[in-house]
Amino acid sequence: MKYNFDKVINRKGTSSWKWDTTELIFGSDDVLPMWVADMDFLVAKPIIDALKKRIDHGVFGYTMPWNSLTSAVVDRVQQKYNWKIKPEWIVFTPGVIPAIYSAIKAFTHPGDDVILQGPVYYPFWNAIRDNGCNISNNQLKLINNHYEMDFEDLKKKFAPHPEMIPSPPRTRLMILCNPHNPVGRVWSKKELKKAGEIALKHDAIVISDEIHCELLLTNSTHTPFATISKEFEQHSITCMAPSKTFNLAGLEASSIIIPNEDLRNKFNIAKEGITPDTNVLGLVALEAAYRYGNEWLSQLLDYLRKNLEFLMKYFEEKIPQVKVIKPEGTYLAWLDFRKLGMDNEKLSAFLRRKAKVGLDDGYLFGSSGSGFERINIACPRSILEEGLKRIEKAVNSL
Ligand SMILES: Cc1ncc(COP(=O)(O)O)c(C=O)c1O
């Protein structure tokens with residue numbers, strides 16, 4: 001079946017975070033929203049069919065995960081990454097962020113340091129703070145328009161602070177984002193191995209948020225952190241979900257893969273009473289997406305790659321003052337506006353009020369994001385073009 005990703009679907013009036021909050025968030029209803037990470041595309045038909053079938057049953061009582069659902073996840077990671085997981089390793093949660101909150105609660109004491117790699121998805125920062133821990137920012141390095149991990153700094157972040165009396169904070173947890181939101185890196189096996197070896201030397205646990213793992217825009221390969229070795233597997237919490245890949249964020253279903261039984265038990269205890277079970281429709285959609293969504297996904301990826309090409313060319317030819325950090329994965333592009341010489345407040349106001357586009361301000365992802373903006377390219381090309389035209393016009397008016 002051929003899907004039409006050019007089709008503009010009116011999402012206004014559907015209580016969409018992206019489309020129904022422009023006034024509230026950006027101060028005006030005529031701002032074109034290109035921020036929150038969901039897509040403006042119709043979902044794959046087999047997913048809609050599976051949901052309709054379940055809805056037709058008409059009873060929606062408490063539901064537990066079922067065998068063919070679990071095996072859809074087992075089969076998916078085996079097919080995609082040759083990773084052989086056991087069904088009992090999977091914990092379904094309504095989202096990756098609740099899972100990260102639960103994991104931090106399970107594996108830290110208040111006052112511990114938790115490592116993240118800024119600029120990075122802003123809920124990570126809150127999840128650490130809200131659990132009473134300290135943020136230890138192993139900031140990424142931007143070298144020739146390309147982000148890299150800073151391994152020397154990572155070693156220091158894990159090293160104890162001997163000068164601290166009576167006792168230094170413990171650093172036993174690191175949150176990886178792979179592919180990385182917002183900078184779009186798909187970390188190579190070599191990079192993950194190097195980072196993981198440093199973490200494991202200090203007996204740390206690594207939460208690997210791989211929610212964007214099927215959204216590869218270049219010829220890069222996704223390596224689940226846990227597949228690097230049995231030791232990595234035993235020290236990892238892998239967060240996967242069909243929500244980004246198949247545009248199911250509002251259905252809220254994720255699979256958290258925890259091979260180590262002790263960690264899994266601790267995680268389950270930490271989430272009890274706080275993170276609810278996953279809703280039945282989310283799980284139905286998850287199974288259908290993994291089993292029958294490939295045809296749609298391959299057409300989506302073609303479309304996204306063309307959108308990315310379009311955006312790269314547009315900035316290069318028409319808005320050269322703004323540099324694009326080309327993403328290897330995700331449908332988010334990280335734009336470098338620093339040449340315009342505006343501080344955070346000015347840049348934000350310029351884009352909202354002058355350009356009339358709603359982007360995610362870079363500083364929200366950590367201070368090293370200052371001067372950057374994140375744009376979501378998962379929309380029909382006509383909308384993308386409209387957004388770029390608005391930015392071009394505003395930049396040219398300076
Ligand atoms: C890296 C990353 N993790 C998690 C999420 C959100 O996950 P969920 O909606 O499953 O809580 C997002 C959404 O944009 C994301 O980019």
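**Reading the fold and ligand shell of a predicted model**

User: What radius of gyration does the protein chain have, and what would a compact globule have?

Analyst: The radius of gyration is taken over C-alpha atoms, and the globule rule is 2.2 Å times the number of residues to the power 0.38. For 398 residues a compact globule would come near 21 Å, and the protein chain agrees, at 21 Å. This is a predicted model, in which local features need pLDDT of at least 70, side-chain atom pairs count only at pLDDT 80 or more, and totals for chains, interfaces and linings use all residues. Numbering starts from 1 along each chain as its sequence is written.

User: What percentage of the residues count as buried?

Analyst: A residue is buried if 20 or more other C-beta atoms, placed from the backbone, lie within 10 Å of its own. Here 48% of the 398 residues qualify.

User: How are strands β3 and β4 joined?

Analyst: Strands are DSSP runs of E of at least two residues, and helices are runs of H or I of at least four; two strands pair if DSSP finds at least two bridges between them. Strands β3 (residues 113–116) and β4 (residues 134–137) run parallel, joined by four bridges. Asp 113 has Asn 134 as its bridge partner in β4.

User: Which residues are closest to the ligand?

Analyst: A residue is near a molecule if its C-beta atom, placed from the backbone, lies within 6 Å of it. The ligand is surrounded by 13 residues, the closest being Ala 37, Gly 95, Val 96, Ile 97 and Asn 181.

Methods
A residue is buried if 20 or more other C-beta atoms lie within 10 Å of its own, exposed if 12 or fewer, and partly exposed in between; C-beta atoms are placed from the backbone.
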